[in-house]
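Visitor: I am new to this structure. Could you walk me through it, a few questions at a time?

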Amino acid sequence: MTPKIVLVAAVAENGVIGRDNALPWHIRSDLQHFKRITIGRPVVMGRKTYDSIGKPLKDRTNIVITRDPDYEPDDVVIVNSIEKAMQMARDDAARRGVDEIAVIGGAGIFKETMALAARLEITLVHLSPQGDTYFPPIDPHIWQESRRMRQEAAPQDDADISFITYERAL
Ligand SMILES: NC(=O)c1ccc[n+]([C@@H]2O[C@H](COP(=O)([O-])OP(=O)(O)OC[C@H]3O[C@@H](n4cnc5c(N)ncnc54)[C@H](OP(=O)(O)O)[C@@H]3O)[C@@H](O)[C@H]2O)c1
C-alpha cells in the first residue's frame with residue numbers, strides 16, 4: 001500500500017508560518033496536537049526546520065532534506081532531494097506498518113510536496129504576526145475542507161486556534 005502524504009502546518013491568518021527561523025508564537029495546545037498526529041510516523045522536513053527544532057522529534061523517523069553533503073546531525077536520516085525523502089519515508093512507513101507520511105515544513109518543502117499530498121492538517125492560528133516564511137496558497141478547487149474545530153487559547157497559548165482538515169478533491 002502506498003502511504004498517504006499529509007502536510008502538517010500551523011498557519012497564521014495572514015499565511016505566516018515562521019520568523020527568524022522560529023515560530024512567531026507559542027501555542028502549547030498546537031504542539032500537543034502536532035505530536036498526536038505525527039507520532040509513530042516518518043516526518044519529512046527541510047534543513048532549516050530541523051535546525052529550528054534543534055533535535056530529533058521523538059518516536060518518529062526524522063528525514064531531513066539538505067543540499068549540504070557535510071550536514072550530518074545524529075539520529076536523523078539525511079537526503080538531498082524531495083524524491084529521496086519520499087522514498088525513505090515510504091520504506092519507513094512500510095517498516096512501521098503505518099499508512100501516512102507527515103511533511104512538516106518549511107515553506108519550500110510544503111510548496112514542493114503539496115501536489116503529492118492527499119490531505120492538509122492545518123492549525124489556523126488566529127493572529128496576523130510579522131513573518132518571513134509563508135504557507136503556499138490553498139486552492140479551493142483542489143482542496144475541500146472536511147473538518148474545522150475552533151479552540152480557545154489555553155493558559156499557555158498565545159492565541160485561539162482552529163484545527164482544519166482539507167482533503168484533496170482533484
Ligand atoms: N508553522 C509551521 O507549521 C512551520 C513548520 C515548519 C517550519 N516553520 C518555520 O519555517 C521556517 C523554516 O522554513 P524555511 O522555509 O525557511 O526552510 P526549510 O524548508 O525548513 O528548509 C530549507 C532548506 O531545505 C533544503 N531544501 C529545500 N528544498 C530542497 C530540495 N528540493 N533539495 C534539497 N534540499 C532542499 C535546503 O537546505 P540546505 O540549505 O541545507 O541545502 C534549504 O535551505 C522557520 O521559521 C520555522 O520555524 C513553521
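Visitor: How many residues surround the ligand?
Guide: Keep in mind that this is a predicted model. Ala10, Arg47, Thr49, Thr66 and Arg67 are the closest residues to the ligand. The shell divides into eleven nonpolar, twelve polar and six charged residues. In total, the number of residues surrounding the ligand is 29.

Visitor: Which residue has a polar side-chain atom 2.6 Å from an oxygen atom of the ligand?
Guide: Let's set the backbone contacts apart. Polar backbone atoms of Ile65 and Arg67 lie 3.5 Å and 2.8 Å from an oxygen atom of the ligand. The side-chain atom at 2.6 Å belongs to Thr66.

Visitor: How much of the ligand's accessible area does the protein cover?
Guide: The ligand takes up the space of the largest pocket. β1, β2, α2 and α4 each supply at least two residues of the shell around it. Of the 930 Å² that the ligand has on its own, the protein covers 85%.

Visitor: Which two residues does a cis peptide bond join?
Guide: Most peptide bonds are trans. Here omega is about 0°. The cis bond joins Gly105 and Gly106.

Visitor: Is Asp75 buried or exposed?
Guide: Asp75 sits in the loop between β4 and β5, and has a positive phi of about 65° although it is not a glycine. Its relative accessibility is 68%. Exposed means over 50%, so Asp75 counts as exposed.

Key
Residues are numbered from 1 along each chain as its sequence is written. This is a predicted model: local features need pLDDT of at least 70, side-chain atom pairs count only at pLDDT 80 or more; totals for chains, interfaces and linings use all residues. Side-chain values use heavy atoms; hydrogens and water are left out. A residue is near a molecule or strand if one of its heavy atoms lies within 4 Å of it. A polar contact is a pair of N or O atoms within 3.5 Å; within protein, one must be able to donate a hydrogen and the other to accept it, and residues adjacent in sequence count only if both atoms are side-chain atoms. Accessible areas come from the Shrake-Rupley method with a 1.4 Å probe; for residues, only the protein chains shown count as cover. On a 1 Å grid over the protein atoms alone, a cavity is a set of points where a 1.4 Å probe fits but cannot get out, and a pocket is an open set with protein on both sides within 12 Å along at least five of seven lines; lining residues have an atom within 4 Å of a point. A molecule sits in a cavity or pocket if more than half of its atoms lie within 2 Å of its grid points. Helices (H or I, at least four residues) and strands (E, at least two) are DSSP runs, numbered from the N terminus. Ala, Val, Leu, Ile, Met, Phe, Trp, Tyr, Cys and Pro count as nonpolar, Asp, Glu, Lys and Arg as charged, and the others, Gly among them, as polar. Buried means under 20% relative accessible area, exposed over 50%, partly exposed in between (1.4 Å probe, protein chains only).
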